[in-house]
Amino acid sequence: AAADPAVEGKSTTLEVVRPLTAQEKQQLAKLEKVIDDKLEDFFEVGSAIMEIKEKELYRETHKNFNTYCHERWGFGRSYANKLIGSAERIKLLPENVAKPANEFQVRPFLKLEPEEFRDKWPEIVKTAGEGKVTSKIVADSLGLGKKKRKKRKGQGSDQKKEVNELLATIRASLEEKKVDDALKHLGKLERLFKG
């Protein structure tokens, strides 16, 4: 029976991985150094991860971007995409506008179009004045302050995403015959349901 081409990663043909060029290897090393050195600087990390993802610089050592993020950095595709989304939005800000201090200040904007961040962030900075931009100021500015019930539902959605990421990682580990990795991630999945 022929394999279903709609199923990701399932193919009866051998996929030839195009090796990285010397320039791509050098670029990957440079970008990974940025992530290693500046894991706390979410904008630079998000920009580096975005470039690694867009150019598939992980392809020589990892089957897919999700596996790369888990094995190399210890975080899932969801978090990587949040960092990438944050970096994309910050790039839209004019030079004279104060940049967000952390990824959590940008996170509520990830559900909106990037241009909305560019338009609303300067207002939020102005509202904060000399003080720190807080999550309350961001929530109030976006009209999110009174939606606690929806926030709870969103947390369930986050848990569902985390479960799906762990399942994908387990599946990838089993396909690569890395049983120990699969068992480790299965343990994480079990703890998630118990906790």
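**View 1. Asn66 in helix α3 of the predicted model.** Asn66 belongs to helix α3, which spans residues 65–73. The model is predicted. The relative accessibility of Asn66 is 7%, so Asn66 counts as buried; the cut-off for buried is under 20%. Setting aside neighbours within four places in sequence, Asn66 contacts Gly76, Arg77, Glu165, Ala168 and Thr169. Among the elements of the chain, α3 has the highest mean pLDDT, 94.

**View 2. A nonpolar patch on the surface.** Four side chains make up the patch: Leu174, Val179, Leu183 and Leu186. Together they have about 350 Å² of accessible area. Helix α9 (residues 179–194) gives the largest share of the patch, three residues.

**View 3. Leu174 in helix α8.** Leu174 sits in helix α8, residues 148–175. Leu174 is also one of the residues of the nonpolar patch. At 48% relative accessibility, Leu174 counts as partly exposed, because exposed begins only over 50%. Helix α8 has the lowest mean pLDDT among the elements of the chain, 70.

**View 4. Segments with pLDDT under 50.** Residues 1–11 stay under 50 in pLDDT. For residues 1–11, the model has four contacts beyond four places in sequence. Residues 147–153 also stay under 50. For residues 147–153, the model has zero contacts beyond four places in sequence. Where pLDDT is low, predicted coordinates should not be read in detail. Over the chain, mean pLDDT is 82, and 85% of the residues reach 70 or more.

How values were computed:
Residues are numbered from 1 along each chain as its sequence is written. This is a predicted model: local features need pLDDT of at least 70, side-chain atom pairs count only at pLDDT 80 or more; totals for chains, interfaces and linings use all residues. Side-chain values use heavy atoms; hydrogens and water are left out. Helices (H or I, at least four residues) and strands (E, at least two) are DSSP runs, numbered from the N terminus. Buried means under 20% relative accessible area, exposed over 50%, partly exposed in between (1.4 Å probe, protein chains only). Contact means heavy atoms within 4.5 Å. Patches are made of residues with over 30% relative accessible area and no salt bridge: like charges are joined within 9 Å, nonpolar side chains (Val, Leu, Ile, Met, Phe, Trp, Tyr) within 5 Å. Accessible areas come from the Shrake-Rupley method with a 1.4 Å probe; for residues, only the protein chains shown count as cover. pLDDT is the predictor's confidence in each residue, from 0 to 100.
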